[in-house]
Amino acid sequence: MYTRNLENSLKRALTIAVEYNHEFATCEHLMLSLLHDNEVLKLLMEFHVDVIDLSDNLEDYLEFELTALTRSSDIEPRPTTAFQNIIHRASIHCKAVGKDIVSGPDVLAEFFYEKGSKTSNVLHSVGLTRSIVLEKIEDSPSKMNDEISKIDILKAEDQKTATKSLIAA
């Protein structure tokens with residue numbers, strides 16, 4: 001399950017790809033969208049990251065360096081493998097540490113595995129590493145002021161119903 005903020009960030013990443021007329025949503029689209037997540041912003045500011053500079057850097061990259069991704073038709077952008085891997089790794093990490101809900105900061109920590117990506121390079125250049133981000137997440141667990149989305153609640157209820165049906169059979 002994802003926090004509502006993360007769900008919004010995932011949707012926003014695809015919207016950003018549309019705005020740049022890109023065929024694919026990359027990890028840079030995802031990072032730019034995460035800059036609208038209050039938990040991610042708070043974490044970055046605690047490390048004195050110049051969020052405006054980070055945003056400008058990513059926007060310039062998307063506009064001037066990803067011209068090869070320009071869509072030739074009205075096909076909706078699709079997440080790249082790297083984008084999907086970041087989300088998948090965040091989900092796996094959260095399960096491994098006993099968290100049921102994946103948040104923006106959890107996703108932020110997984111960008112560091114995308115070596116050579118613009119986002120990974122920029123995060124490293126401001127002195128961040130995966131271990132530093134994970135330590136901060138563990139030191140100040142999310143207050144979870146973000147509600148679980150109704151979709152996630154319905155999924156959980158459907159799983160309970162399915163489990164009960166299997167037990168009864």
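At roughly what angle do the axes of H2 and H4 cross? The legends below take up this crossing and several other close-ups of a predicted model. In this model, local features need pLDDT of at least 70 and side-chain atom pairs count only at pLDDT 80 or more, while totals for chains, interfaces and linings use all residues. Residues are numbered from 1 along each chain as its sequence is written, and side-chain values use heavy atoms, with hydrogens and water left out.

View 1. Helices (H or I, at least four residues) and strands (E, at least two) are DSSP runs, numbered from the N terminus. Read from that end, the elements follow the order α-β-α-α-α-β-α-α-α-α-α. Of the 169 residues in the protein chain, 42% are buried, where buried means under 20% relative accessible area, exposed means over 50%, and partly exposed is in between (1.4 Å probe, protein chains only). Contact means heavy atoms within 4.5 Å. Among contacts between residues at least 6 apart in sequence, 73% join residues at least 24 apart.

**View 2. Helices H2 and H4 cross at roughly 150°.** Their axes come within 10 Å; axes are lines fitted to C-alpha atoms, for helices over the stretch in contact, and angles run from 0 to 180 degrees between N-to-C directions. This crossing makes H2 roughly antiparallel to H4, since angles over 145 degrees count as roughly antiparallel, under 35 as roughly parallel, 65 to 115 as roughly perpendicular and the rest as oblique. On the H2 side, the contact is made by Glu-28, His-29, Met-31 and Leu-32. H4 brings Leu-54, Ser-55, Leu-58, Glu-59, Tyr-61 and Leu-62 to the contact.

**View 3. Helix H2 is largely enclosed by the rest of the structure, because 8 of its 8 residues are buried.** To follow the helix through the view, look for Cys-27, Glu-28, His-29, Leu-30, Met-31, Leu-32, Ser-33 and Leu-34, which are buried. Leaving aside its neighbours within four places in sequence, Leu-30 is in contact with Leu-10, Ala-13, Phe-83, Ile-86, Ile-87, Val-107 and Phe-111.

**View 4. The largest nonpolar core has 42 residues.** A nonpolar core is a set of buried Ala, Val, Leu, Ile, Met, Phe, Trp, Tyr and Cys residues joined through side-chain atoms within 4.5 Å. Good places to start looking are Leu-30, Leu-44, Val-107, Leu-108 and Phe-111, the residues with the most contacts inside this core. Two or more residues come from each of H1, H2 (27–34), H3, H4, H5 (81–96), H6, H7 and H8 (130–139). H5 gives the most to this core, with 6 residues.

View 5. Glu-114 is buried, with a relative accessible area of 14%. Its side chain joins that of Arg-89 in a polar contact of 2.9 Å. A polar contact is a pair of N or O atoms within 3.5 Å; within protein, one must be able to donate a hydrogen and the other to accept it, and residues adjacent in sequence count only if both atoms are side-chain atoms. Leaving aside neighbours within four places in sequence, Glu-114 is in contact with Ala-82, Asn-85, Ile-86, Arg-89 and Ser-120. The C-alpha atoms of Glu-114 and Ala-82 are separated by 6.9 Å, with the two residues 32 apart along the chain. Ser-117 counts as buried because its relative accessibility is 12%. The side chain of Ser-117 reaches the backbone oxygen of Glu-114 at 2.9 Å. Beyond its neighbours within four places in sequence, Ser-117 is in contact with Cys-27 and Glu-28.

**View 6. Asn-21 is a residue other than glycine with a positive phi.** Its phi is near 60°. Look for Asn-21 in the loop between H1 (4–19) and E1 (24–25). At 30% relative accessibility, Asn-21 counts as partly exposed.

**View 7. His-48 also has a positive phi, of about 60°, although it is not a glycine.** You will find His-48 in the loop between H3 (38–46) and H4 (51–65). His-48 counts as exposed, at 72% relative accessibility.

**View 8. Ala-68 lies in the loop between H4 and E2 (78–79).** Ala-68 counts as exposed, at 76% relative accessibility. The C-alpha atoms of Ala-68 and Glu-23 are separated by 9.1 Å, and these residues are 45 apart along the chain.
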